[in-house]
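This report covers a ligand site, a cavity and the sheets of one protein. Please keep the structure in view while reading.

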Amino acid sequence: MFDSVKKELSRRALLYKAGFGFMGLSVVGAVGNIIKPAPTLAQAAPAPSNEPSLPPEKKLGWAIVGLGEFATKQIMPSFAECKKSKLVALVSGDRAKAEKYAQQYSVNPKNIYNYQNYDSIRNNPEVDIIYIILPNALHAEYSIRGVQAGKHIMCEKPMAITVAECQAMIEAAKKANRKLMIAYRAQYEPYNLATIQLAQSGKLGKLKLITSDHGRNLNPKEPQDRWRAQKKLAGGGSLYDIGIYSLQAARYITGEEPVAISAMIYSTPNDPRFREVEENVNFVLRFPSGVLANCSSSYGYSNTKRIQVFGSDAVLELDPATDYYKHRLILKSKNGNQEQKIEDKNQFALEIDHLSESIIQNKQPKTPGEEGLQDVKLMQLIYEAARTGKTIKV
Ligand code: NDP
């Protein structure tokens with residue numbers, strides 16, 4: 001784990017112990033040559049939003065399914081910053097771990113479930129929403145069982161392994177009249193929203209090109225990377241796991257759907273990490289407006305989460321683009337390089353509250369099942385383009 005992330009986690013732990021809750025996260029950028037330094041940690045702490053928190057009894061109750069790395073380090077702590085959502089139940093295959101977290105987050109032990117008695121969550125009126133944070137291959141089954149138990153669903157990305165599974169999830173949610181949202185956190189994160197706004201406002205001139213690169217080194221010594229190296233549980237390799245952020249970026253920045261796709265895949269021969277899943281995927285998308293996107297995804301290059309938007313008059317550089325805590329946005333034009341200072345907010349709390357709000361208001365969430373289905377469809381076409389060496393018309 002990066003030192004900065006470790007420091008941030010220990011800062012959160014200290015704040016939590018000191019009774020401050022979690023104060024949101026911040027930008028601590030390196031000082032560039034031309035640009036101004038990013039704000040300090042203290043300056044970047046979010047100003048309290050004007051919108052008041054709902055009283056505890058009015059907040060919607062959430063159950064977390066799968067108490068792994070992401071659930072326990074990012075999602076569960078973020079409930080302290082939620083205004084419409086509270087953590088009330090845990091679903092885990094490890095009772096002792098669930099009890100430990102139940103105590104830490106004041107979850108009533110009667111609200112601990114396992115994968116066998118999961119369906120009995122239907123009898124628990126405290127639970128409104130179930131958040132699926134399991135290995136990819138289990139998303140469909142637990143989402144479908146969840147809606148059939150009468151609960152709304154937040155499901156992690158990628159939505160599922162196959163197009164058919166995604167369609168079954170959407171159908172099941174419709175049939176049960178429950179909401180299904182895919183946890184595309186970047187679409188709730190202020191720096192990414194500012195990038196979309198700037199790109200679509202005409203400020204960059206005519207949009208020409210988007211590049212987006214998402215990669216890291218897969219490390220199967222870590223439990224969370226063990227299943228990622230297994231095709232049966234992960235569904236795909238770097239593309240399904242992090243290349244999906246490059247694909248998402250191209251789609252949400254243009255606001256368009258690609259009409260043509262080409263791609264190339266390469267995995268280092270004899271690297272045991274890539275016996276079942278791919279290492280590198282480079283893909284090119286063409287959008288109806290003529291914008292091209294050059295995207296990459298890797299399980300072999302050093303940690304990168306970067307988006308660039310090239311217009312006829314200016315260029316935007318968002319790097320890190322889709323980190324948990326750090327973002328940095330630079331506008332490059334004939335006036336020089338200007339860092340865009342944006343109030344950093346806890347994107348996890350924002351997306352969690354978005355689903356609660358959508359349920360309270362009975363509105364379609366911004367990233368519904370159909371959004372997850374579209375990415376799985378496109379990722380399958382990316383694999384096909386790489387396999388056949390042909391440009392595929394969508
Ligand atoms: P972990 O391996 O850390 O957690 C997965 C958890 O699922 C396990 O701890 C375990 O919880 C449970 N589980 C149930 N069955 C299995 C199984 N057969 N093998 C392994 N675990 C199992 O993974 P992550 O937390 O990194 O990822 C989980 C999901 O979250 C993935 O879909 C991933 O794509 C997504 N994710 C999203 C991120 C984002 O930024 N939006 C970031 C990271 C991950 P228990 O012991 O409680 O049963």
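A polar contact is a pair of N or O atoms within 3.5 Å; within protein, one must be able to donate a hydrogen and the other to accept it, and residues adjacent in sequence count only if both atoms are side-chain atoms. The model is predicted: local features need pLDDT of at least 70, side-chain atom pairs count only at pLDDT 80 or more, and totals for chains, interfaces and linings use all residues. Residues are numbered from 1 along each chain as its sequence is written, and side-chain values use heavy atoms, without hydrogens and water.

**Ligand site**

| Residue | Protein atom | Distance |
|---|---|---|
| Lysine 157 | polar backbone atom | 2.8 Å |
| Lysine 97 | side-chain N or O | 2.7 Å |
| Glycine 93 | backbone N or O | 2.8 Å |

Taken alone, the ligand exposes 890 Å², and the protein buries 82% of that. Areas come from the Shrake-Rupley method with a 1.4 Å probe. The ligand is surrounded by 24 residues, each with a heavy atom within 4 Å of it. The closest are Glu69, Ser92, Lys97, Tyr115 and Arg185. The shell holds 10 nonpolar, 7 polar and 7 charged residues. Here Ala, Val, Leu, Ile, Met, Phe, Trp, Tyr, Cys and Pro count as nonpolar, Asp, Glu, Lys and Arg as charged, and the others, Gly among them, as polar. Helices H3 (69-78) and H10 (238-254) each supply at least two shell residues. Helices (H or I, at least four residues) and strands (E, at least two) are DSSP runs, numbered from the N terminus.

**Cavity**

A cavity is a set of points, on a 1 Å grid over the protein atoms alone, where a 1.4 Å probe fits but cannot get out; lining residues have an atom within 4 Å of a point. There is 1 cavity of 30 Å³ or more. Its lining includes Lys157, Arg185 and Tyr245. That lining divides into 5 nonpolar, 1 polar and 2 charged residues.

**Sheets**

Two strands pair if DSSP finds at least two bridges between them. S5 (152-155) runs parallel to S6, joined by 3 bridges. Isoleucine 153 stands opposite leucine 180 in S6.

Another open sheet has 9 strands with mixed pairing, in the order S14-S13-S12-S11-S7-S10-S9-S8-S15. S11 (304-311) and S12 (315-318) pair in the antiparallel sense over 4 bridges. Glutamine 308 stands opposite glutamate 317 in S12.

Methods
On a 1 Å grid over the protein atoms alone, a cavity is a set of points where a 1.4 Å probe fits but cannot get out, and a pocket is an open set with protein on both sides within 12 Å along at least five of seven lines; lining residues have an atom within 4 Å of a point. Grid points are joined across faces, edges and corners, and a volume is the space filled by probe spheres set on the points.
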